[in-house]
Amino acid sequence: MDLTTKLGPLELRNPVLVASGTFGAGREGAAFVELDKMGGIIVKSMTVSPWKGKPTPRMCETPSGMLNAIGIQNKGVDHFLAEDLPWLVKKKATVFASIAGNTVEEFVKVADKLRTGARGIAAVEVNISCPNLEDRNNMFSHSTTSTHAVVSKVKDALKRVPIFPKLSPNVTSLSEIASAALDAGADGLSLVNTVFGMSIDVETRRPKLAGVVGGLSGPAIHPIAVRAVHEIHQNFPHVPIIGQGGIATTGDALQLMLAGASAVAVGTMNFVNPRASLEIAEGIADYMTRHKMTDTAELVGALKIEG
Amino acid sequence: MSMVLAHGEILGHKKYGEHYHSLTIVTPDIGERVRPGQFVSLRCGDNRASILRRPFSVYRVHKRGGWASTVEIVFDIRGPGTTHLSQLRGHAIVDLIGPSGRGFVLPKRRAHCLLVGGGIGAAPLFFLADELRNEGHRVDVILGARNSGLLLGAIEARRLASVCRTTTEDGSMGDTGRVTDVLVETMEKCDTEVVYACGPHPMLAAVSKICVEQKIPIQVAVEELMACGYGVCMTCVMPLRRPLKRDESPEDATVYARSCTEGPVFNGAQVVWNGAADLVTEDQAELTPVGAPMRHGGIEEPADEHAPPGN
């Protein structure tokens, strides 16, 4: 089965990527998977200078998922370009760089470095679920203005590279944010980032995360992702979508594609099974055989709603 | 290559005393290569409510060749994952990743080694003791726990150690008190040249402090909450001190190192102990590889050297 998948201007080996922050830059996972068989790897978000991350505890398990507050611990874009990217290129991985920052200028600086330093980056995911220091620490992705500002500047810096802002589901109107990102020049959208959550140890009355609140991920959020992809695909039918959020099984991935995602990304499940993305790609091939499909594009938005 | 994703067959389930369960798993790929202090991460069934793997340090290894080598893990029941594992019996198949992390570094020349374990945190020290003795090193042991029922391997430790001390907080076995109460005198009596410790953080912090004062090298195996166990999630980090380069600010002196790949064994003198992981709560504790501060009933202070459940 040929699983070659069109994602906007990109052609992927298969529609199943790994989500940012759940597979590092591929080195650790390479013990378990063949990077050149994966649909692509969205690397851990990188910032203009190294970020140390938050104190521990950084995670706690919750029903059908987990909360995390890691604080984008990463070694910075220079390290990515010098060490990780050449290695990924050698391994023939399809690389999505994920960029983050606390100001518009920080995003632009990372984007500039990627433009000048990088051969071998297929696309850039813009992680706008970061606190905006210039907007009272509100997340960029929670404001149409901030979203537009970041995405338009990053697009200016990366004219030839497709960019996929990753949107937060914690908003009143996802379509308004999506519209702001698309107006600003986004080539597609990543849907969705983690859902805000919190957990408390009742005996000590302390939050279970040192960061107090964190991002909920895992199967618990899958229906939220399906709904988000569905809404955006209905409102913006021609926009390429990377569906992500709680994928654990082939069925979970298929749901996101049927709702309108051209490709999907496995996140938290990589922690449990580092081969999940490859196994889900095989599962999609089986499904397509059973349903007499020959092109993954036949799955995208193939949801049937009566009436 | 280091880690593998493997299926292992349960050879047997045992109980050690009232609290501790043991699973012996046939897993030749891991059993043949695992080193003391390394760990394995097990899936706990197909439970979609509690999805993460549970990490366990390796208690014992039997190298029986490419078909039959086994690893043994020891644990107590802390949540849904360990409950599931405690119910597994012979021939059940488990999904595991290992051998994971960096284990203990063994001395290059013959040395007097003191192994200090708190409760079930002692688990990896028995594998270590076997390897040290095989290489001709002297092994002395201090085991501590809140009470005798929570001591792991007290009889076994007497068999393999030249000097073996036990401490319990309630005096139900050995000296009344904590491992640190007998640490200095044991080090002096045994001419200790290196200390290996595993147990809850407050114990590791106290043991490290004493070893630094006595100028004795100290290696600790830490317990940190892990989501992945193979280096990608960045949740299990330990704050480590590092020397500052010129132009660096004091806050650069702390770096976060991943316990799963850069640990779980660290130089105890390098760890920034205050604040590290002492917020881990009991219901979270089964996500740690070698025992976390356990608060039985949830009303006691975060553990000292006692009753770390483990692995």
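Me: Domain bounds come from an automatic or database domain assignment. Into which domains is chain B divided?

Reply: Domain 1 of chain B covers 4-100, and domain 2 covers 112-225 + 251-298. This is a predicted model, in which local features need pLDDT of at least 70, side-chain atom pairs count only at pLDDT 80 or more, and totals for chains, interfaces and linings use all residues. Residues are numbered from 1 along each chain as its sequence is written, while chains are lettered from A and ligands numbered from 1 in the order in which they are written.

Me: How do you know that domain 1 of chain B and domain 2 of chain B are in contact?

Reply: Residues are in contact if their C-beta atoms, placed from the backbone, lie within 7 Å. By that rule 24 residues of domain 1 of chain B touch 21 residues of domain 2 of chain B. Elements giving two or more residues to the domain 1 side are strand 4 (54-57), strand 5 (60-62) and helix 2 (80-86) of chain B. Strand 4 of chain B gives the most, with 4 residues. Helices (H or I, at least four residues) and strands (E, at least two) are DSSP runs, numbered from the N terminus. The centres of the two domains of chain B, taken over C-alpha atoms, are 22 Å apart.

Me: What makes up the contact between chain A and chain B?

Reply: Chain B supplies 34 residues and chain A supplies 35 residues. On the chain B side, 20 are nonpolar, 9 polar and 5 charged. Here Ala, Val, Leu, Ile, Met, Phe, Trp, Tyr, Cys and Pro count as nonpolar, Asp, Glu, Lys and Arg as charged, and the others, Gly among them, as polar.

Me: Why are helix 2 of chain A and helix 3 of chain A called roughly parallel?

Reply: The axes of helix 2 (residues 104-117) and helix 3 (residues 144-157) of chain A cross at roughly 20 degrees and come within 9 Å. Angles under 35 degrees count as roughly parallel, over 145 as roughly antiparallel, 65 to 115 as roughly perpendicular and the rest as oblique. Helix 2 and helix 3 of chain A are therefore roughly parallel to each other. The contact residues include Phe107(A) and Arg115(A) of helix 2 of chain A, and Val150(A) and Lys153(A) of helix 3 of chain A. By class, this contact has 8 nonpolar, no polar and 3 charged residues.

Me: How do you know that strand 3 of chain A and strand 4 of chain A pair?

Reply: Pairing requires at least two bridges found by DSSP between two strands. Strand 3 (residues 16-18) and strand 4 (residues 40-42) of chain A are joined by 2 bridges and run parallel, so they meet the requirement. Both belong to a closed barrel of 8 strands of chain A, 3-4-7-8-9-10-15-16, with parallel pairing. Its twist averages 25 degrees from one strand to the next.

Me: What makes strand 11 and strand 16 of chain B the edge strands?

Reply: The open sheet of chain B has 7 strands in the order 11-10-9-8-12-13-16, with mixed pairing. Strand 11 (175-176) and strand 16 (265-267) of chain B each pair on one side only. Within this sheet, strand 8 (residues 112-118) and strand 9 (residues 138-145) of chain B pair in the parallel sense over 7 bridges. Gly117(B) stands opposite Leu143(B) of strand 9 of chain B.

How values were computed: Two residues are in contact if their C-beta atoms, placed from the backbone, lie within 7 Å. Axes are lines fitted to C-alpha atoms, for helices over the stretch in contact, and angles run from 0 to 180 degrees between N-to-C directions.
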